[in-house]
Amino acid sequence: MPYDDSPPPTRRARPLSVAAALAAVCLTAAGCGGGPEADGAGAASPRPGADAASSTAPTPTGQQPEPSGTASPSDSGSGSAKPLPKGPLTGRTVVIDPGHNPRNRDHTREINEKVDIGTGRKECDTTGTSTDDGYAEARFTLDVSHRLRTLLEAEGARVRLTHDADRPFGPCIDERARIGNEAKADAVVSVHADGSAVGNRGFHVILPAGVKGGGADTSKIVKSSADLGARIAGHFVRTTGSAPSNYVGGNTGLDTRNDLGGLNLSTVPKVFVECGNMRDPKDAALLTSASWRQKAAQGLADGITSYLKG
Ligand SMILES: [Zn+2]
C-alpha cells in the first residue's frame, strides 16, 4: 500500500534538502573536508561500481570469528514475540533489509535468475562483497541489522527483518521490497557495505530516484525517502566519526539511483546504506570491528528515529 495510507498523523512531509543535509553533515563531522577520513588520494575518482549494482564479488577466502550481535537471532518476517517497551517509536513499523545472504554464493543459479523490477529485469540477488580477509558483506549486514533491531525495539518500534539467514538464498530484490510494502513500514533501511577500490572510503546513503514503469512508481516516496536518508547520513557521521564517501555523492553522503529494484519497487520510504568500503583496508578495519558496527547501528537508529519523530 502507498505510504500515504500509513497512520502517522503527526509526521509532516518536511524533507531536508540535500544542501541542508550536507550542511548538517559538514557541521558535525570532525573529519569532513580535511580530517582523518578525507585524506585519501582517491577523492573524486570515477565510481567503480557500487556493490548493490554488481553481481560479481570475490569469494571470501576465509572466515573470521564474528562477535555476536546484541540481539536475539531468528526474527525474520514476523517480528518479535516479546512485548515491546513503550517509547517514542511505539506504533511505528521499521523493516530492516540485511543486504545479500551468506548462502547466496552457494546458489548462484537461483540468484542469477532475473526478476521484474518494474523498469526492467535484474538478477534476483547478488553475493555481495567481502573484505580481503574474507569477512563477507552478508555477515556484516546481518550483524548490523541485529544491532539496529535491538536499538529500535528499545524505543518501542515494531521491527521486521526481510531475512535472517533463515533461507537458502535471497530473498530476491522484488520480495525484499514487497516485505516492506506489505508491512506498511513507516521506514525501510537496506543495510550494505560497498566493494570499491582501495582509497575509496566512507559511507553513503542511496535514495530512490523518481521512476515509473511497470510495477515501479516511486513518486510518492522520493521526498520522504530523501528526508529519511539525509537524517541517517547526519547521524551516521555523529556516531561513527566516518566521513561521507569520497567517491560517491560529492561528499554529501547521499546518492540517488534509479537502477535498484529494492528501491524502485518500494511504496514506503526506503533507503540503502553503504556503511563503508570493504575493499579498502582502513574502512575494512572499521567494518570488522564489533564496536564500530554498534556505532553504525546507533547512527542508523538515530536517523530513523529522527525521521519518524519528524
Ligand atoms: Zn551490498
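This is a predicted model: local features need pLDDT of at least 70, side-chain atom pairs count only at pLDDT 80 or more; totals for chains, interfaces and linings use all residues.
**Exercise 1.** Determine which side chains R176 meets in salt bridges, and where in the chain the partners lie.

*Solution.* Begin with D97, whose side chain meets that of R176 in a salt bridge with an N to O distance of 2.7 Å. This pair links distant parts of the chain, since D97 sits in strand β1 (residues 93-98) and R176 in helix α4 (residues 173-182), 79 residues apart. Next, the side chain of R176 also meets that of D125, at 2.8 Å from N to O. Here too distant parts of the chain are linked, with D125 placed in the loop between β3 (121-123) and α3 (137-154), 51 residues from R176.

**Exercise 2.** Decide whether R176 and D125 are buried or exposed.

*Solution.* The cut-off for buried is under 20% relative accessible area. R176 has a relative accessibility of 4% and therefore counts as buried, and D125, at 4% relative accessibility, is likewise buried. D97, the other partner of R176, is buried as well.

**Exercise 3.** Describe the salt bridge between D217 and K212, including the exposure of each residue.

*Solution.* The distance from N to O in this pair is 3.9 Å, which falls within the 4 Å limit for a salt bridge. D217 is partly exposed because its relative accessible area is 32%, whereas K212, at 69% relative accessibility, counts as exposed. By way of shared partners, salt bridges join D97, D125 and R176 into one network.

**Exercise 4.** State how many salt bridges a search of the whole structure finds.

*Solution.* The search finds 13 salt bridges, including the pair of D97 and R176.

Terms used: Residues are numbered from 1 along each chain as its sequence is written. Side-chain values use heavy atoms; hydrogens and water are left out. Helices (H or I, at least four residues) and strands (E, at least two) are DSSP runs, numbered from the N terminus. Buried means under 20% relative accessible area, exposed over 50%, partly exposed in between (1.4 Å probe, protein chains only).
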